Amino acid sequence: MNIVVFISGRGSNLKALLKDQNGYQVTHVISDKRGIKGFDVAKQFGIPHSYINWKERPKAEAIATEILTEEQPDLIVLAGFMKVLSANFVEKFHHQIINIHPSLLPDYPGLNTHQRVLNDRKTEHGASVHFVDNQLDHGQIISQTRIAVETHDTAESLATKLILKEHKLLVQTVGQIANKYLFWRDNTLFYIDKPLQKPLVY
Ligand code: GRF
């Protein structure tokens, strides 16, 4: 299975995917930011990578579409990609785009999830991988991972604890899709032989 990964920064989730590549290969990395660490990661692994100026979304999405038409990926992974894709773009790649988000969706879509969890005095936090639809951090949730929030935690400590679990979550989830344990049939997401009722836990 071929995948294209969209990033906006550090690219640690990208690196986790590249280190694994079990049943899938990353064929291209796209970013809306220049000079990011994630491009160094792509270079290190010899993966073609493209910067796209995202100032005007329609233009940017047209360029992204050209690359995707060329690459014909089976799956598009948003791994720390900070732009919102248009409904039109998402529709073009229906059921083919997944995103990793640092919260237990549907709670805390959007930014600053760690701080918002602390502000609400939650005892549990986590990350989700979901199929992307035309709403922000929305769409069928595929898998989740959880961490405990301790009294001494800060937004930084939560981010540090969670990122390691995110890597495993993303790699395992992409692996399940690559190995066809997770697949769409008639608009329903199946896991092995049954519709997926609740998120897989990693
Ligand atoms: C991750 O926390 C991811 O969940 C969020 O942005 C961060 C990206 O980190 N969407 P990295 O670029 O993969 O290191």
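Guide: A search of the whole structure, which is a predicted model, finds six salt bridges.

Visitor: Why is the meeting of Lys 43 and Asp 40 called a salt bridge?

Guide: The N to O distance between their side chains is 3.9 Å. The cut-off is within 4 Å, for a side-chain nitrogen of Lys or Arg and a carboxyl oxygen of Asp or Glu. The pair therefore counts as a salt bridge. Side chains of opposite charge can pair when their charged atoms come close.

Visitor: How do you know whether Lys 43 is buried or exposed?

Guide: Its relative accessible area is 54%. Exposed means over 50%, so Lys 43 is exposed. Asp 40 has 45%.

Visitor: What makes Lys 59 and Glu 56 a salt bridge?

Guide: Their closest N and O atoms are 3.7 Å apart. That is within 4 Å, so the label holds. Lys 59 is exposed, with a relative accessible area of 54%. Glu 56 is partly exposed, at 46%.

Visitor: Why is the contact of Asp 193 and Lys 194 called a salt bridge?

Guide: The side chains meet at 3.8 Å, N to O. Again this is within 4 Å, so the pair qualifies. Asp 193 has a relative accessible area of 56%. Lys 194 has 53%. Each value is over 50%, so each residue is called exposed.

Visitor: How many charged side chains does the protein have, and how far apart are the centres of the two sets?

Guide: There are 23 positive and 21 negative side chains. The centres of the two sets lie 4 Å apart.

Visitor: What does the secondary structure come to?

Guide: Six helices and eleven strands.

Visitor: Why is the protein called as compact as a globular protein of its length?

Guide: Its radius of gyration is 16 Å. The globule rule gives 17 Å for 202 residues. The C-alpha trace spans about 50 × 45 × 30 Å along its principal axes.

Visitor: What share of the residues counts as buried?

Guide: 49% of the 202 residues. Buried means under 20% relative accessible area. The accessible surface comes to about 10600 Å², and 50% of it belongs to carbon and sulfur atoms.

Note on methods
Residues numbered from 1 in each chain as written. Predicted model: local features only at pLDDT ≥ 70, side-chain atom pairs only at ≥ 80, totals over all residues. Heavy atoms only, no water. Helix = DSSP H or I, 4+ residues; strand = E, 2+ residues; numbered from the N terminus. Rg over C-alpha atoms; globule rule 2.2 N^0.38 Å. Buried < 20%, exposed > 50% of the residue type's maximum accessible area, 1.4 Å probe, protein only. Areas by Shrake-Rupley, 256 points an atom, 1.4 Å probe, with all protein chains shown as cover. Lys, Arg positive; Asp, Glu negative; His and termini not counted. Charge placed at Lys NZ, Arg CZ, Asp CG, Glu CD.
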